[in-house]
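Visitor: Hi, I have a model open and some time to look around. Can you walk me through it?

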Amino acid sequence: MSITKSAEAVCIGHPDKLCDRIADTILDDILYEDPAARVAVEVMASGHKIIVTGEITTKVRPRIRESVRYALVEAGYVPWKFLVFVFTRRQSPDINAGVTRSLEARFGDDTEFALQGAGDQGTVYGYATAETPERLPLPLVLSHEICRRLDNARKDGTITGIKSDGKAQVTVRYDDAGRPVAIETVVVSIQHDKTKDLDELAAEVKTLIVAPACKPYLPVSADTEILVNPSGVFTVGGPKADTGLTGRKLMVDTYGGLAPHGGGAFSGKDASKVDRSAAYMARLIAKTIVDAGLARECQVSISFAIGKADPVAFSVDTLGTGEYSDEILTAAASEVFSLRPGGIIDVLNLRRPCYVRCSSYGHFGRVGLPWENSFVYVDVLVKAVKKHAHENDANR
């Protein structure tokens, strides 16, 4: 029996995405001068007010207001129309102590990456699927691509009279084997000028955005329902229409709600926060397993205790698609990939300013991100899997 799956994405000027962009712009600007900084910034945008709060421990003077203005311009807004309020403080000394010197280090462990503890407790998830080259669910890939094309069309004038707030949602039908076979529905809502003709806008979005976005993957057909601004007029948008908050688009940022999420947001946090950095490592592990042909679908989970270097739990679940048992894949991945926070940060080079580019169109499936570079690990992981499989057979 066929099933359908849906996922949404948002444009760069969506109020929640605006807050994510501001938070990551602040983070990147600080890391540019102080790679060891501890940053956990939250942003709220409401009406013409931007509120920045959170914890920042750094040896440099943060240029918060400058970062806010720069992010506003990048997201298609006029900076002088906003009032910026800043309420930040230093990181809690208790949290800092646990991160700086882990539980293992306090008990004499001096092995590699034992010094740094996790900056928080919790479970993170990584996911990958073979259904797209990006190793992400097709509805999410298409939704992001539509939003990216909308933003580009606004910037280059391909479509006139549109603004930076918008959303897309795509529903895909899958066959009994789990393969995507048809695009059933596409919903696009895009803010526009009062003078924009809505019929013209709908035609432009369908022909210039939706059709070319979907064509390389699964072309739209006569049966595909495409809804453009189904609520009617959309002239009031951004923070003026809806309050924006950092971290409120977790599913958009990750797997579209089609795979688990631990609940921790990404934007505005430096890599000592494992709900960001370890989620990137979990994604790398899952993607490597799929790219290596060891499974068609893979879900990785890693659990941490605050102040502890080693994870308290780690598992690989191939959802019944694995070429080897999940136990063997878990053992092999544990051997190949570093799961301690210090190791994750070092391997993925997460002390550098690389985060603002992820604040729109998702944190995964993007060329040039170190947690997407699975090709580096494919051969060594396959070798480790075969070794553990041989040892498993020998012990039977």
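Guide: Start with a definition: two strands pair if DSSP finds at least two bridges between them. Helices (H or I, at least four residues) and strands (E, at least two) are DSSP runs, numbered from the N terminus. This is a predicted model, where local features need pLDDT of at least 70, side-chain atom pairs count only at pLDDT 80 or more, and totals for chains, interfaces and linings use all residues. Residues are numbered from 1 along each chain as its sequence is written, and side-chain values use heavy atoms, with hydrogens and water left out.

Visitor: OK. What is the strand order in the open sheet of four strands?

Guide: The order is β1-β6-β7-β8, and the pairing is mixed.

Visitor: Which strands stand at the edges?

Guide: β1 and β8 (225-228) do. Each has a single partner strand, so one side of each has no neighbour in the sheet. From one strand to the next, the twist averages 15 degrees. Axes here are lines fitted to C-alpha atoms, for helices over the stretch in contact, and angles run from 0 to 180 degrees between N-to-C directions.

Visitor: How many bridges join β1 to β6?

Guide: Eight, between β1 (residues 3-10) and β6 (residues 162-174), and these strands run antiparallel. Ile3 has Tyr174 as its bridge partner in β6. Ala9 has Ala168 there.

Visitor: And how many join β6 to β7?

Guide: Ten, and β7 (residues 180-192) runs antiparallel to β6. One partner pair is Val170 with Val186 in β7. The β6 and β7 hairpin has five residues between the strands, and Gly178 takes a positive phi near 85 degrees in it.

Visitor: Which helix lies across β1, β6 and β7?

Guide: That is α5 (residues 138-156), running at about 155 degrees to β6.

Visitor: New topic. Which strands form the open sheet of three?

Guide: They come in the order β5-β10-β11, with antiparallel pairing. The edge strands are β5 and β11 (313-317), each pairing on one side only. Neighbouring strands are turned by 10 degrees against each other on average, direction ignored. Eight bridges join β5 to β10 (residues 297-304). For Ala128, the bridge partner in β10 is Cys298.

Visitor: What about Gln299: buried or exposed?

Guide: Gln299 is buried, with a relative accessible area of 18%. Buried means under 20%, exposed over 50%, partly exposed in between (1.4 Å probe, protein chains only). Gln299 lies in β10. Leaving out residues up to four places away in sequence, Gln299 touches several others, among them Tyr127, Pro260 and Asp317. Contact means heavy atoms within 4.5 Å.

Visitor: Which aromatic rings pair up?

Guide: Rings of Phe, Tyr and Trp (its six-membered ring) pair if their centres lie within 6.5 Å; planes under 30 degrees apart count as stacked, over 60 as edge-to-face and the rest as tilted. By this rule the count is eight aromatic pairs. Tyr127 and Tyr255 have ring centres 5.6 Å apart and planes at 70 degrees, so they are edge-to-face. Tyr127 is in β5 (residues 122-129) and Tyr255 in the loop between α7 (250-253) and α8, 128 residues apart. Tyr127 is buried at 4% relative accessible area, and Tyr255 is buried at 1%.

Visitor: How far apart are the ring centres of Tyr280 and Trp371?

Guide: They are 3.8 Å apart with planes at 10 degrees, so this pair is stacked. Tyr280 lies in α8 and Trp371 in the loop between α10 (341-348) and α11 (378-394), so the pair ties together parts 91 residues apart in sequence. Tyr280 and Trp371 are both buried.

Visitor: Which residues form one aromatic cluster?

Guide: Tyr127, Tyr255, Phe266, Tyr280, Phe364 and Trp371 do.

Visitor: Last one. Which residues touch the most other members of the largest nonpolar core?

Guide: Among them are Ile50, Val300 and Trp371, in a core of 110 residues. Its largest share, eleven residues, comes from α8 (residues 274-291). A nonpolar core is a set of buried Ala, Val, Leu, Ile, Met, Phe, Trp, Tyr and Cys residues joined through side-chain atoms within 4.5 Å. In soluble globular proteins, nonpolar side chains tend to be buried together.
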